[in-house]
Amino acid sequence: MKKAILCVILCFSLTASGCAADSRILEDLGMVQTTSYDLLPDGMLSITASIPMADPEASAKREVLTVVAENTKNGRIKMSRETQLILVSGQIRNALYGLSMAKKGIYRYMDTLIRDPSISPELKISIVEGNAGELLRKDYDQHPRTGKYIDHLLEKESSWQTIPRVTILSFLRDLFDDGIDPITPILKDIGNSIKINGIALFQDDRYVAKIPADDTMIFAFLKGSFKEGEINVDLSENGDKKEYAMLSSLVSGRKLKVSYHNQQIKVRCEIKIMCSILEFLGDLEISNEQDRNKLERRISDKLTRKADSMIALLKQHKVDSLGLGSAVRNKIGYANWKKMNWREEFPHVEVENKIKVVIKDFGEVR
């Protein structure tokens, strides 16, 4: 009996001491949540890391470190010298790249993130319109932890299809696939908050253009099929009074049809959108079937014209951010594809967009 009691006491002591050791270790760790990279005019890197404080008695919610270094690895060493915490990367959620770096190319600066086995492939990648370090260092009154604020903002917006959810895995996958170019969300500091300011378009790993925030849902329609989301469609014409339709509960399906004849490529993009109307400002009576059908056609035509303009933008900058090249490659065969320079061919490909909107619900009021 005494031996049994002794064993229980010994096990309890080991468990208690283990918990105490873990507690001390946790308080000693600096778990980087968000990091940013900016390219300085002299070629040096400005690197910032945001670290939530694990100590509940700490007055500050986070510790922010900024260093200037020749490369990311040296930057990590310099950061370690400036804090009493042991820096670890296993909890990093977001990597932000300043516009100056994005225009030069960001792949070479991803080396540390790619090679570190503790970093999740689900690490999110974003571009900051301006200086990424300044945005990350700034404290926003309603959001004590800027890194957490950014993470929740990106998750929420991607769930509503207003921006793509871009991880280091998906960025690298698109970078090394010759049938599609990478994209990332764009963040911008607007004073008291941070906003999603569009989608960055890359040629290889260099930022070359952006899709404005108001047009990101058009990009989502062209990019692929999805459920959930909403869009405000401006149906006003020149000189006419304002007319708007707010569409919600979007269910969008995309089909690509590729034809290849006499070395001429044509891509037909057929998109069907099922939706509900949350609000309509105009002269049509949407409870009337004829008026509702007319509204469907007007919205379809408007979205199709916007899609055509977006394709023209992509062709202008020679970026296939929609992955049309992947569909073409599957159609014409790998041998013909390898003979083709898709970046140069893409601006000459005929792309026909056809968007059909179906209003499945228009509210309870009849």
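Modeller: For the classes used here, Ala, Val, Leu, Ile, Met, Phe, Trp, Tyr, Cys and Pro count as nonpolar, Asp, Glu, Lys and Arg as charged, and the others, Gly among them, as polar. Please note that the model is predicted.

Biologist: By class, what does the lining of the second largest cavity have?

Modeller: The residues that line this cavity include Lys-124, Ser-126, Ile-163 and Pro-185. Over the lining of the second largest cavity, the classes come to six nonpolar, two polar and two charged residues.

Biologist: Which element gives the most to the lining of the second largest cavity?

Modeller: This cavity holds about 50 Å³ of space. Two elements give two or more residues to its lining, namely helix 6 (146–159) and strand 7 (124–128). With three residues, the element that gives the most is strand 7.

Biologist: What volume does the largest cavity have?

Modeller: Counting cavities of 30 Å³ or more gives two. For the largest cavity, the volume is about 200 Å³.

Biologist: Which element provides the largest share of the lining of the largest cavity?

Modeller: The lining has 16 residues, and Thr-35, Tyr-37, Arg-76, Ser-89 and Thr-112 are those nearest the centre of the cavity. Strand 2 (34–39), strand 3 (45–52), helix 2 (72–80) and helix 4 (111–115) each give two or more residues. The largest share, four residues, comes from helix 2.

Notes: Residues are numbered from 1 along each chain as its sequence is written. This is a predicted model: local features need pLDDT of at least 70, side-chain atom pairs count only at pLDDT 80 or more; totals for chains, interfaces and linings use all residues. Side-chain values use heavy atoms; hydrogens and water are left out. On a 1 Å grid over the protein atoms alone, a cavity is a set of points where a 1.4 Å probe fits but cannot get out, and a pocket is an open set with protein on both sides within 12 Å along at least five of seven lines; lining residues have an atom within 4 Å of a point. Grid points are joined across faces, edges and corners, and a volume is the space filled by probe spheres set on the points.
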